[in-house]
Amino acid sequence: QHQEGMEFLVMDATSMSRFDSNSIDLVIEKGCIDSLFCGTNSYSHVLTLNQEVCRVLKPGSVFISVSCGAENIRIPHFSHRTLHWEIDHANVPGRNGLHVYMLQKSEEEGLEINMMDTDFVSEEDVNREMGEDKQTTEKQFLNTQEKAAGGEGLVIVANVRDQEDLLAAMAEGKIRLLGNQKIETGVI
């Protein structure tokens, strides 16, 4: 519905080239970032969206994000080094699990968004974000066991620590990835 003084547009939020830098007073998103996190290459897409919003906002203007993403999950994404804003967060009363993030763009003149800076976080940052920050440096293993389809035969045990272990085990014939096929050979 059209409101006086407001224009509603449909466009790619990761590429708002229609708008000049520092030209928008207010950006509100509800669920767009949440949906981007459900797709492939999500960190990059969310970073690009946040960079575009920061680029088009006038200094001192606000970006409001309504999300199901908890504070410990979303704030690292809003805190990327290329984003120049102050972050505030509130839970929505009576709406368990709903969060509002208020991001006010810095009023400093001459801040530029480097859209080519797409390095997001280190592996340690991701582990901390996912609540998997371990005090130990011990590698974690995925242990699997399978038998032949008839229940007879050799049990194969594979310890896979990382991509290199997986590729080495596949090259040595210790592991064979069969996709949706039944495991009939006793080899996984």
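Here is a short chat about reading a helix, a histidine and some aromatic rings in this predicted model.

Q: How many residues of H2 are buried?
A: Buried means under 20% relative accessible area. Twelve of the 15 make it, so H2 is largely enclosed by the rest of the structure. Among them are Val 46, Leu 47 and Leu 49, along with Glu 52 and Arg 55.

Q: Which elements do those buried residues pack against?
A: On the helix side, H1 (32-36) and H3 (71-78); on the strand side, E1 (24-30), E2 (57-67), E3 (85-91) and E4 (99-105).

Q: Where is His 80, and is it buried or exposed?
A: Look in the loop between H3 and E3. His 80 has 4% relative accessibility, so it counts as buried. Its side chain makes a polar contact of 2.9 Å with that of Thr 82.

Q: How is a pair of aromatic rings described?
A: By the distance of the centres and the angle of the planes. This structure holds four such pairs. In Phe 37 and Tyr 43 the centres are 6.2 Å apart and the planes at 90 degrees, so that pair is edge-to-face. Phe 78 and Tyr 101 have centres 5.3 Å apart and planes at 55 degrees, so theirs is tilted.

Q: Which parts does the pair of Phe 78 and Tyr 101 tie together?
A: Phe 78 lies in helix H3 and Tyr 101 in strand E4, so the pair links parts 23 residues apart in sequence.

Notes. Residues are numbered from 1 along each chain as its sequence is written. This is a predicted model: local features need pLDDT of at least 70, side-chain atom pairs count only at pLDDT 80 or more; totals for chains, interfaces and linings use all residues. Side-chain values use heavy atoms; hydrogens and water are left out. Buried means under 20% relative accessible area, exposed over 50%, partly exposed in between (1.4 Å probe, protein chains only). Helices (H or I, at least four residues) and strands (E, at least two) are DSSP runs, numbered from the N terminus. Contact means heavy atoms within 4.5 Å. A polar contact is a pair of N or O atoms within 3.5 Å; within protein, one must be able to donate a hydrogen and the other to accept it, and residues adjacent in sequence count only if both atoms are side-chain atoms. Rings of Phe, Tyr and Trp (its six-membered ring) pair if their centres lie within 6.5 Å; planes under 30 degrees apart count as stacked, over 60 as edge-to-face and the rest as tilted.
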